[in-house]
Amino acid sequence: MSRTHSDDADKASAPQRPASYQTPAALRPLPALIFASRWLQLPLYLGLIAAQGVYVWHFLVELWHLVEAVFGNQEALQALITNIGYKSDVQITHLNETIIMLVVLALIDVVMISNLLIMVIVGGYETFVSRLGLESHPDQPEWLSHVNASVLKVKLALSIIGISSIHLLKSFINAGSYEVQVLMWQTIIHVVFLLSALAIAYTDKLTSSNHHH
């Protein structure tokens, strides 16, 4: 009787595999080599992580220049003016609303590009290389639970539109520093991004509907 209870306890404590779990069959050498080739993408994602670090450093440098300029540091002010490409007919000796707005938009631009990098790194690795095993992690991104190649393309397209919108807004605020033709082409390119995103989203919707049917 006690042995029966012990066996039942052992079974209960043993990790249970999902009903749909199947032990993977051993692949033949050539398919195994082709499947393992996905790991060649690993250096690419590690490179993007390094690029993310560069963006973080750039963000902190620009933020520090902004703080220094608030307290009257002329070198920091000139560095900000040079970085944002701001031009004025009079010499600028202190921060004004336009410069602050352009700097803040530049910082937002860095954040949005950083978000795009995270989406590519995490989503791309999860989709094309290997599972991250974040199902029970409290910080798992909400979008990662249902990400696939199609969803990732749509999210990337929307992120690019957001980044393009920030660039366009910066150009319009600082319109005096650009030629009309440059502003026109930036607007046209932004509209093309919008149309491309709509086309990708519509194609994804059609594909999903066909799969459901």
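**Reading a pocket and a salt bridge**

Guide: Helix 5 supplies six residues to the lining of the largest pocket, the most of any helix. Helices here are DSSP runs of H or I, at least four residues long, numbered from the N terminus. The model is predicted: local features need pLDDT of at least 70 and side-chain atom pairs 80 or more, while totals for chains, interfaces and linings use all residues. Residues count from 1 along each chain, and side-chain values use heavy atoms, without hydrogens or water.

Visitor: Which residues are closest to the centre of the largest pocket?

Guide: Rolling a probe the size of a water molecule over the atoms shows where empty space is left. A pocket is an open set of points on a 1 Å grid that fit a 1.4 Å probe, with protein on both sides within 12 Å along at least five of seven lines; lining residues have an atom within 4 Å of a point. The largest pocket here holds about 260 Å³, the space filled by probe spheres on its joined points. Of its 16 lining residues, N83, I84, A106, H167 and K170 are closest to the centre.

Visitor: How many salt bridges does the whole structure have?

Guide: A salt bridge puts a side-chain nitrogen of Lys or Arg within 4 Å of a carboxyl oxygen of Asp or Glu. The search finds one, between E126 and R131, at 3.1 Å. R131, at 64%, is exposed (over 50%).

Visitor: Where is K170 found?

Guide: K170 is in helix 6, residues 149-173. K170 touches L102, L105, A106 and D109, leaving out residues up to four places away in sequence; touching means heavy atoms within 4.5 Å.

Conventions:
Buried means under 20% relative accessible area, exposed over 50%, partly exposed in between (1.4 Å probe, protein chains only). Helices (H or I, at least four residues) and strands (E, at least two) are DSSP runs, numbered from the N terminus.
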